[in-house]
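Below is a short report on one protein chain. It covers helices, surface, rings and charges in turn.

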Amino acid sequence: MFTLAEVASLNDIQPTYRILKPWWDVFMDYLAVVMLMVAIFAGTMQLTKDQVVCLPVLQPTVNSKAQPGTSGKADFTTVETTTSQGEEVSMRTVSFGSAPTGTPDVPLSRATSSQYQPTESGQELKKEQKDSSGRKTNLDFQQYVFINQMCYHLALPWYSKYFPYLVLIHTIILIVSSNFWFKYPKTCSKIEHFVSILGKCFESPWTTKALSETACEDSEENKQRLTGAQSLPKYVSTSSDEGSPSASTPMITKSGFKFSADKPMIEVPSVTILDKKDGEQAKALFEKVRKFRAHVEDSDLIYKLYVGQTVIKTVKFIFILCYTANFVNTISFEHICNPKVEHLIGYTQFECTHNMAYMLKKLLISYISLICVYGFICLYTLFWLFRIPLKEYSFEKVREESSFSDIPDVKNDFAFLLHMVDQYDQLYSKRFGVFLSEVSENKLREISLNHEWTFEKLRQHVSRNAQDKQELHLFMLSGVPNAVFDLTDLDVLKLELIPEAKIPAKISQMTNLQELHLCHCPAKVEQTAFSFLRDHLRCLHVKFTDVAEIPAWVYLLKNLRELYLIGNLNSENNKMIGLESLRELRHLKILHVKSNLTKIPPNITDVAPHLTKLVIHNDGTKLVVLNSLKKMTNVAELELQNCELERIPHAIFSLSNLQELDLKSNSIRTIEEIISFQHLKRLTCLKLWHNKIVNIPSSITHIKNLESLYLSNNKLESLPAAVFSLQKLRCLDVSYNSIALIPVEIGLLQNLQHFHITGNKVDVLPKQLFKCVKLRTLSLGQNCITSIPDKVSQLLQLTHLELKGNCLDRLPATLGQCQLLRKSGLVVEDHLFDALPSEVKEVLNQDTSIPFANGI
């Protein structure tokens, strides 16, 4: 017995696929059920009531074999016969000697009566002879049962006997054909996944919210068209032709799609507000839809299978109709039976009646009618399958009604499934299209993002940078939270790896914002936001992979002072890559390019006249063409780092306003051209570090105004006396070379404040070094120095002393006389510091005790 729970679970299977059942499939299922009922009813009737009744056909003359009796008495003869059940039954036949020879088949009673009533009238005899065909036979019950069973198989047509079973088999085949695509392993998994996703998308609160917001926006726009222009909130853009970027700039325009982050959130009923759980479920649904689409659109197996089963059902209908029509007339009430059992029964021919013939004929006609209706529906299905391209599905109507302009068209099995769903209810496709819309997904991310990143949480991430400015760094988010633009006192905003970053008009509230970082973040701005950035932004950092990722509005920031570009700008490898015109950046002073240039981009010359600082950091690509530098007459700082330069470029010598030159990390071996620096009267800082320079030419003395000289990480073995003739030199860095001796001429540098000779081979410190009484930084680490002279106490302004990595066995006690030196500025081994007198250590530790005192 089946329990109620098991039956209920079976009943839940069909509704799962009801949305993929068009009306014709549903109707054919009902027809199949009716045909199944016809088969069951006919089979039941046949099992319980189906039979034939047969009577022998009397011959006109039959030779009697009765034995004549001489005594006038009846002779009894016993005949052995067998019934249909196989039992032997004694059948007694009676014959009378005085019986008339013309009536051998007259029953005993009649024969007796005729004998005892010889005076019967002749009229009755004539009537009896006239009705001789209706005379009773001399067969008993067992013989009738036998002949009925035998004639049921011999005389009855096969279709009358097997009609219910054929109907049952045909109906089962049609039912299987109608639902095979739901059960076939290659299609059922896709169908189950699609139905589950479709149901979740239909019932998702996000779908309701998105559609309701669209409806609200449409109603708001209609209201505005009717009532005229209305005032917008302060952070909503108002289109302005003055100062607006060109049409080619990637800004958010007022397109037909109203569902964007650049419009204010329209008030919707509270029932559509998503909580965090609903938002997470909606994001999971977007991911499922994306993966399902990628998986299903590659094939059209479901479509082919549905077409195949429809063709099979049509062929089946034609076959059933053709052969059934031939057997309709074979179902008859009367049948003639010739069983050839005369030796048992005594008769050769029987007339039989089939008592179920009438009912079977009516059921057969009903079955044919159902099959005809079923077949016409199959033909209509084939017409629907080939009338329109079902392997293409367009959401054009949905886009028009819902204003979702970015819903993509789908194809193959995905399209076919949606066509099937439309036959059930087109509302499913409309709600499902929300999850195919990329903008809708971005809107969901935005809402989820705003839920997570509140004003309080963002405030906790604000920090102070090295310039003592308030800075906020957002990394790998799905968008820019709205609460960011409520941080009105923010100075620096960094957006990194945010592919869908959008800057709304609300940014105009951030009056202190002057620096913006876009790291792999092609941000789009609303026009009012652009107007604000154009007038207020002073510093912009853009990090990109391809130059096309640089937002076009960057080239229109007329008040920009500093521009940092980090990415691939090599136009030699791709002729399509190149900077757009920078001529609009009329106030640009600093341009920093970190790329793989082989020549300076010609567009940089657009800002050359007013550029004061140019920095080019290559990735090791050789910078060949430098003639463009001659146009940068106002450049005061120039950095050409890691450009594989082998000599100092001659174009530099024409930069009369140059004050600082940095040629770090190149392949410069000789600097004989340094004599030409005498034309650069304003040059005060020369950085030639991280090169391959072997010696310093004496012509360096011509750079009279040089204040800083950086020659670290080269291959110097000595310092020429010419270096120490630079009386204005305040910083000398010769760290990490192979210098073994510090010349005594170093005492001539009375203005020297920073001296770095770490990582060399110095073993003795000249006493003249301590005549440089303005020294603040003295780096002597990683050398071979064995002792520090007591004259170190003369360096009263010393704040940083590095001695670690030498061969010292002690430190001079006079270190305590360096009034500004503290332990934090003394870089030495711990055991050497511990060996100092306690009073010296106490003096050096004063900087650690003072903060505690102040804290108390």
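The sections below go through the model by topic.

## Basis of the model

This is a predicted model, in which local features need pLDDT of at least 70, side-chain atom pairs count only at pLDDT 80 or more, and totals for chains, interfaces and linings use all residues. Residues are numbered from 1 along each chain as its sequence is written, and side-chain values use heavy atoms, with hydrogens and water left out.

## Annotated transmembrane regions

An unreviewed UniProt entry lists residues 27–47, 162–182 and 364–386 under "transmembrane region". UniProt positions follow the numbering used here, feature names are shortened, and annotations may be inferred rather than shown by experiment.

How much of residues 27–47 is helix, and how much is strand? The model gives 100% helix and 0% strand there. The end C-alpha atoms of that stretch are 30 Å apart. Residues 162–182 are also 100% helix and 0% strand, with end C-alpha atoms 31 Å apart. Helices (H or I, at least four residues) and strands (E, at least two) are DSSP runs, numbered from the N terminus.

W23, V26, F27, Y30, V373, Y380 and F383 make a nonpolar surface patch of about 680 Å². Patches use residues with over 30% relative accessible area and no salt bridge; like charges are joined within 9 Å, and nonpolar side chains (Val, Leu, Ile, Met, Phe, Trp, Tyr) within 5 Å. Accessible areas come from the Shrake-Rupley method with a 1.4 Å probe; for residues, only the protein chains shown count as cover. Helices α3 (23–49) and α13 (357–387) each supply at least two patch residues. The most come from α3, with 4 residues.

W23 lies in α3. Its relative accessibility is 45%, so W23 counts as partly exposed. Buried means under 20% relative accessible area, exposed over 50%, and partly exposed in between (1.4 Å probe, protein chains only). V34 is also in α3 and is partly exposed, at 35%. V34 and Y367 are 333 residues apart in sequence, yet their C-alpha atoms are 8.9 Å apart in space.

The whole structure holds 28 aromatic pairs. One of them is F286 with F435, a tilted pair at 4.8 Å centre to centre, with 40° between the planes. F286 lies in helix α10 (residues 276–296) and F435 in the loop between α16 (426–433) and α17 (438–452), so the pair ties together parts 149 residues apart in sequence. F286 is buried at 2% relative accessibility. F435 is buried too, at 3%. Rings of Phe, Tyr and Trp (its six-membered ring) pair if their centres lie within 6.5 Å; planes under 30 degrees apart count as stacked, over 60 as edge-to-face, and the rest as tilted.

Ring pairs also link W158, Y159, F163, F319, Y323 and Y367 into a cluster. R431 lies over the face of F202, 4.9 Å from the ring centre. K664 lies over the face of W689, at 4.9 Å from the ring centre. The criterion is NZ of Lys or CZ of Arg within 6 Å of the ring centre and within 35 degrees of the ring normal.

## Salt bridges

Side chains of opposite charge can pair when their charged atoms come close. The structure holds 17 salt bridges. Each is a side-chain nitrogen of Lys or Arg within 4 Å of a carboxyl oxygen of Asp or Glu. One joins D29 and K21, with the closest N and O atoms 3.0 Å apart. K21 is buried, at 4% relative accessible area.

E673 and R647 meet at 2.4 Å, N to O. This pair links distant parts of the chain: E673 is in the loop between β19 (660–662) and β20 (685–687), R647 in the loop between β18 (637–641) and β19, 26 residues apart. E673 is buried at 6% relative accessibility, whereas R647 is partly exposed at 44%. K687 bridges to E660, the closest N and O atoms being 3.5 Å apart. K687 lies in strand β20 and E660 in strand β19, so the pair ties together parts 27 residues apart in sequence. K687 is buried, at 14%. Salt bridges with shared partners also join D300, K304 and K391 into one network.
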